[in-house]
Amino acid sequence: MASLDNSVHSAGIEEVHNVPMSVIKRPIPSVLDEMKVQSLMATIDAETNADDVPPVDILWITGSEGGNYYFSFGGCHRFEAHKRLNRETIKAKLVRSTLGDLYHYMGSSAPKYLA
């Protein structure tokens, strides 16, 4: 049975990073369940339970002319809880990705500066 800390994207990735919230781009607006956000905030704020919150998956893309770009599409409740708690970082698994992967999520809305 797969661990609850793994998604389809990050199942083979063990390493968890503390990624600065400021570098993560979330191009698709979240639809949030307020009670879920509040529950996660309470769990994260109780430092002893913070490890109960699984890491988010972040697509890590290197631009064609260099630079690292980080995109998150899932984990919207976890991201929002960290944001409201003014956390500087969030636990994440970095999924090495390509511009083609990003186009699968965003289609023609994918940023052109990465090409």
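Reader: Which residues does His82 touch, not counting residues up to four places away in sequence?

Author: This is a predicted model, in which local features need pLDDT of at least 70 and side-chain atom pairs count only at pLDDT 80 or more, while totals for chains, interfaces and linings use all residues. Residues are numbered from 1 along each chain as its sequence is written, and side-chain values use heavy atoms, with hydrogens and water left out. Contact means heavy atoms within 4.5 Å; by that criterion, and not counting residues up to four places away in sequence, His82 touches Met21, Ile44, Arg87, Thr89 and Ile90.

Reader: Where is His82 placed, and is His82 buried or exposed?

Author: Helices (H or I, at least four residues) and strands (E, at least two) are DSSP runs, numbered from the N terminus, and His82 has its place in helix α2. Buried means under 20% relative accessible area, exposed over 50%, and partly exposed in between, with a 1.4 Å probe and protein chains only; His82 counts as buried because its relative accessibility is 9%.

Reader: Which residues line the second largest pocket?

Author: Rolling a probe the size of a water molecule over the atoms shows where empty space is left. Here a 1 Å grid over the protein atoms alone is used, and a pocket is an open set of points with protein on both sides within 12 Å along at least five of seven lines, whereas a cavity is a set of points where a 1.4 Å probe fits but cannot get out; lining residues have an atom within 4 Å of a point. The second largest pocket is lined by Asn18, Ile44, Ala50, Asp51, Val53, His82, Arg87, Thr89, Ile90 and Lys91, and strand β5 (residues 89–96) supplies the largest share of that lining, 3 residues.

Reader: Which residues does the UniProt annotation "binding site" cover?

Author: UniProt positions are given in the numbering used here, with feature names shortened, and annotations may be inferred rather than shown by experiment. In this case the unreviewed entry assigns "binding site" to Gly75, Cys76, His77 and Arg78, and from this set Arg78 belongs to the lining of the largest cavity. Gly75 lies in the loop between β4 (68–71) and α2 (76–84) and is buried, since its relative accessible area is 15%. His77 is found in helix α2 and, at 12% relative accessibility, also counts as buried. Leaving aside neighbours within four places in sequence, Gly75 is in contact with Arg26 and Val56, while His77 touches residues including Val31, Asp33 and Leu40.

Reader: Which residues make up the largest nonpolar core?

Author: In soluble globular proteins, nonpolar side chains tend to be buried together. A nonpolar core is a set of buried Ala, Val, Leu, Ile, Met, Phe, Trp, Tyr and Cys residues joined through side-chain atoms within 4.5 Å. The largest one has 11 residues in all: Leu59, Ile61, Tyr69, Phe71, Phe73, Val95, Leu99, Leu102, Met106, Ala110 and Leu114. Two or more residues come from each of β3 (56–62), β4 and α3 (99–106), and α3 gives the most, with 3 residues.

Reader: Which residues is Met106 in contact with, leaving aside its neighbours within four places in sequence?

Author: Met106 is in contact with Pro27, Phe73 and Pro111. Pro27 is found in the loop between β2 (24–25) and α1 (34–45), and Pro27 is partly exposed because its relative accessible area is 34%.
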